[in-house]
Amino acid sequence: MTTIISVPPVRARASVRALISHTLTNRNMSSMSTYWSPTGEGNGSHTKEKPTETTSTAKQEGGEQEIDPWSVKGGADGKIDYDALLTKWGCQQIDKELIERVEKLTGVPAHPLLARGVFFAHRDLKALLDAYEKDPKSFYLYTGRGPSSESLHLGHLIPFMFTKYLQEAFKVPLVIQLTDDEKCIWKGISIEESRRLAFENAKDIIACGFDKRNTFIFNDFDYVGGMFYQNMVSIAKCVTFNQAKGIFGFKFEDPIAKIAFPPVQAAPSFPDSFPHLFGKGKKLRCLIPCAIDQDPYFRMTRDAAPRMGGHKPALIESRFFPSLKGESGKMSASDENSCIYVTDTPKQIKTKINKHAFSGGRETIEDHRLYGGNLDVDISWKYLNFFLEDDAELEQIGKDYSSGAMLTGEIKKKLIEVLQAMVGKHQEARKAVTDDLVKEYFSTETRKVEDLFPRD
Ligand code: TYM
């Protein structure tokens with residue numbers, strides 16, 4: 001099966017990191033040293049999470065950003081202050097040593113999304129790597145998707161592309177949850193329709209190239225029961241309404257379906273929710289790749305874990321792939337013009353980028369040549385940071401565009417080429433995903449340990 005972004009060749013990335021640190025983040029990060037700020041690693045597995053705080057908002061000078069699993073809104077200047085989020089939510093920044101450790105343990109160079117700081121935050125990744133060093137069968141991966149639309153947008157692909165790299169590099173099993181119940185509750189989609197969307201979305205996920213021997217995909221409406229349900233109830237018993245209100249911002253007038261949902265997303269963090277894969281017991285650890293909007297679910301889970309006799313799940317979290325219109329939030333599937341879908345035609349991609357991609361170019365060509373483009377706000381540049389694999393080419397584009405040697409039309413042309421090729425490959429891979437193949441990923445047949453942890 002075609003993969004979208006392959007495991008990269010080993011090469012130095014320092015200069016690219018410096019450029020990207022200047023542009024991917026919204027903080028005052030014009031140099032490596034500010035980007036790789038050592039924030040310390042205080043939040044070990046013994047540390048209590050902060051579930052009772054009102055964590056859905058983080059104050060920013062002159063305004064408030066609002067980030068929760070269902071919506072993302074930047075602060076007064078429209079931008080997301082990731083530093084404030086790290087502090088408020090108690091996650092750690094991923095530093096250079098941690099990336100090098102991942103490379104050393106896996107023998108595989110860091111994925112560009114890790115090397116370039118898109119995946120920038122973690123919880124307990126060090127403890128997880130320590131366990132893996134002692135026993136390469138010590139953890140599994142868990143990620144998911146809320147099937148709210150017919151097709152995924154490029155932002156949704158980020159965690160899946162990255163998870164595929166993690167699965168290949170660490171050679172560990174993966175479970176993927178499709179929260180059709182979540183979208184039925186929040187988006188008012190019927191049960192039948194959300195189940196159908198889950199099945200359709202699974203095809204796009206499978207097209208990312210996951211190995212079917214050690215990937216289990218499930219949708220809640222059809223899988224929840226047995227040990228999974230027992231874990232849900234155990235989690236729910238550990239969380240008061242006050243805590244849930246603090247973590248998720250629930251209101252008294254919300255339907256109780258919303259308040260009851262978080263344990264459903266928490267349960268896959270415990271291996272015995274999948275007896276056909278992992279048997280009984282909570283010994284296996286769990287690593288969850290996702291964007292940082294999903295953190296509230298897992299803060300709650302981590303607080304409950306010790307009381308359930310399990311490990312706290314570890315997390316590796318990304319920034320948001322921004323809207324075409326600019327960096328005031330994440331790309332949203334409900335606004336067509338903010339979004340490139342994996343189903344878009346080459347023509348649609350071209351039109352959307354030319355028409356809607358926010359530009360950091362100057363008013364006139366003369367001014368642009370004189371002052372150069374503004375990398376801090378230019379969406380084409382930001383998107384290239386996510387998807388252009390070649391570090392040297394990326395660095396050159398950054399230099400040329402910011403010096404004014406490259407014009408807005410030219411950087412947009414490059415982005416159009418990159419995205420048309422990537423989306424085209426994805427569409428080819430998706431065509432090969434039949435209903436029968438999807439069913440193989442959903443199979444609840446017992447799997448062999450040597451398939452789950454392949455050591456070729
Ligand atoms: P959903 O469907 O909103 O998003 C699926 C995954 O994509 C990430 N994501 C993004 N990443 C980067 N840039 C963006 N603009 C962007 N938009 C979304 C999300 O963080 C998520 O990782 N409740 C979840 C489904 C879920 C899940 C999980 C996700 C269930 N279990 C475990 C992660 C891990 C949801 O609705 O995701």
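Q: What share of the contacts in the chain between residues at least 6 apart in sequence join residues at least 24 apart?
A: The share is 78%. A contact here means heavy atoms within 4.5 Å.

Q: What kind of model is this, and how are residues numbered?
A: This is a predicted model, where local features need pLDDT of at least 70, side-chain atom pairs count only at pLDDT 80 or more, and totals for chains, interfaces and linings use all residues. Residues are numbered from 1 along each chain as its sequence is written, and side-chain values use heavy atoms, with hydrogens and water left out.

Q: How many helices and strands are there in the chain?
A: The chain has 23 helices and 12 strands. Helices (H or I, at least four residues) and strands (E, at least two) are DSSP runs, numbered from the N terminus.

Q: Why is Asp391 called buried?
A: Buried means under 20% relative accessible area, exposed means over 50%, and partly exposed is in between (1.4 Å probe, protein chains only). Asp391 has 2% relative accessibility, so Asp391 counts as buried. Across the chain, buried residues make up 58% of the 456 residues.

Q: What makes Asp391 and Arg116 a salt bridge?
A: The term asks for a side-chain nitrogen of Lys or Arg within 4 Å of a carboxyl oxygen of Asp or Glu. The closest N and O atoms of Asp391 and Arg116 are 2.7 Å apart, and the two form a salt bridge. Asp391 lies in helix α20 (residues 391–403) and Arg116 in the loop between α5 (112–115) and β5 (119–123), so the pair ties together parts that are 275 residues apart in sequence. Arg116, at 3% relative accessibility, is buried too.

Q: Why does the pair of Lys258 and Asp254 count as a salt bridge?
A: Their closest N and O atoms are 3.8 Å apart, which is within the 4 Å limit. Lys258 is buried, with a relative accessible area of 17%. The whole structure holds 26 salt bridges. Elsewhere, Glu200, Lys203, Asp204, Arg430 and Asp435 are linked in a network of them.

Q: What makes a set of residues a nonpolar core, and which members touch the most others in the largest one?
A: A nonpolar core is a set of buried Ala, Val, Leu, Ile, Met, Phe, Trp, Tyr and Cys residues joined through side-chain atoms within 4.5 Å. The largest has 112 residues, and Leu114, Leu154, Phe387 and Leu419 touch the most other members. Helix α7 (residues 154–170) gives the most to this core, with 10 residues. A second, separate core of 13 residues includes Val72, Ile80, Leu85 and Ile292.

Q: Why is helix α16 called largely enclosed by the rest of the structure?
A: In α16 (residues 295–304), 10 of the 10 residues are buried, so the helix is largely enclosed. Among them are Tyr297, Phe298 and Met300.

Q: What makes the contact of Ser190 with Glu193 a polar one?
A: A polar contact is a pair of N or O atoms within 3.5 Å; within protein, one must be able to donate a hydrogen and the other to accept it, and residues adjacent in sequence count only if both atoms are side-chain atoms. The backbone nitrogen of Glu193 lies 3.0 Å from a polar atom of the Ser190 side chain. Ser190 sits in the loop between α8 (180–187) and α9 (191–206), and is partly exposed at 42% relative accessible area.

Q: Where does Asn385 lie, and is it buried or exposed?
A: Asn385 lies in helix α19 (residues 379–387), and at 1% relative accessibility Asn385 counts as buried. A polar atom of the Asn385 side chain is 2.8 Å from the backbone oxygen of Trp381.
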